[in-house]
Amino acid sequence: LRDLDRRLQASGTFGSATGTSQDLGGLRFDPQGADFSLWIERFRTEVYRNWIIPQPAMMGFKGRVEIEFTVERDGRVSGLRILSPSGTGAFDRAAQNALLGSRFAPLPSDYRPASVTMVAAFFYNMAPTGEGA
């Protein structure tokens with residue numbers, strides 16, 4: 001656990017835009033020109049607060065979970081599904097619970113659509129590149 005903050009920060013480095021979709025610290029979505037910077041900070045704080053690291057991770061097991069979900073205009077999460085399971089059920093459940101247990105802010109006012117679909121990656125004892133942390 002003492003390295004958890006370092007690993008979370010490592011996975012939180014902001015990526016570069018590819019087309020209109022952006023990879024923002026393991027979170028991919030299309031902001032359609034809207035400013036999501038404050039929203040993302042609140043999102044990360046909320047998810048990290050609700051992300052309970054399971055026992056296999058504390059024992060050194062490694063894994064990566066990728067989850068697609070939709071955030072509605074009012075901040076509610078819907079349509080959550082695992083795109084890439086880790087192979088360890090506890091990792092997958094912890095990632096799902098971190099998203100489902102979070103209360104997100106309403107979408108930014110300059111974002112026009114009624115919802116946004118995002119993909120989030122959760123890393124356990126791995127750097128975002130897939131190497132051990």
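This is a predicted model: local features need pLDDT of at least 70, side-chain atom pairs count only at pLDDT 80 or more; totals for chains, interfaces and linings use all residues.

The protein has four helices and six strands. Read from the N terminus, the order of elements is α-β-β-β-α-α-β-β-α-β. Of the contacts between residues at least 6 apart in sequence, 69% join residues at least 24 apart. Out of 133 residues, 43% are buried. The accessible surface is about 7400 Å², and carbon and sulfur atoms account for 49% of that.

Now the core. In soluble globular proteins, nonpolar side chains tend to be buried together. Here the largest nonpolar core contains 29 residues. Phe-36, Trp-39, Phe-69, Met-118, Phe-122 and Tyr-124 are the ones with the most contacts inside it. Which elements supply at least two residues each to this core? They are β3, residues 27–29, α2, 37–50, β4, 63–72, α4, 89–100, and β6, 115–124.

Take Phe-36 from that list. What does Phe-36 touch, leaving aside neighbours within four places in sequence? The contacts are with Phe-29, Pro-31, Leu-107, Pro-108, Tyr-111 and Met-118. Met-118 is itself among the core residues with the most contacts.

The buried residues of α4 are Ala-90, Phe-91, Asp-92, Ala-94, Ala-95, Ala-98 and Leu-99. The cover over those buried residues includes α2, α3 at 55–58, β4, β5 at 77–84, and β6.

Last, two backbone points. Most residues other than glycine have a negative phi. Where in the chain is Gln-32? Gln-32 sits in the loop between β3 and α2, and its phi is positive, near 50°. Asn-125 also has a positive phi, near 55°, and belongs to the segment after β6. Is Asn-125 buried or exposed? Its relative accessible area is 12%, and the cut-off for buried is under 20%, so Asn-125 counts as buried.

Notes
Residues are numbered from 1 along each chain as its sequence is written. Side-chain values use heavy atoms; hydrogens and water are left out. A nonpolar core is a set of buried Ala, Val, Leu, Ile, Met, Phe, Trp, Tyr and Cys residues joined through side-chain atoms within 4.5 Å. Buried means under 20% relative accessible area, exposed over 50%, partly exposed in between (1.4 Å probe, protein chains only). Contact means heavy atoms within 4.5 Å. Accessible areas come from the Shrake-Rupley method with a 1.4 Å probe; for residues, only the protein chains shown count as cover.
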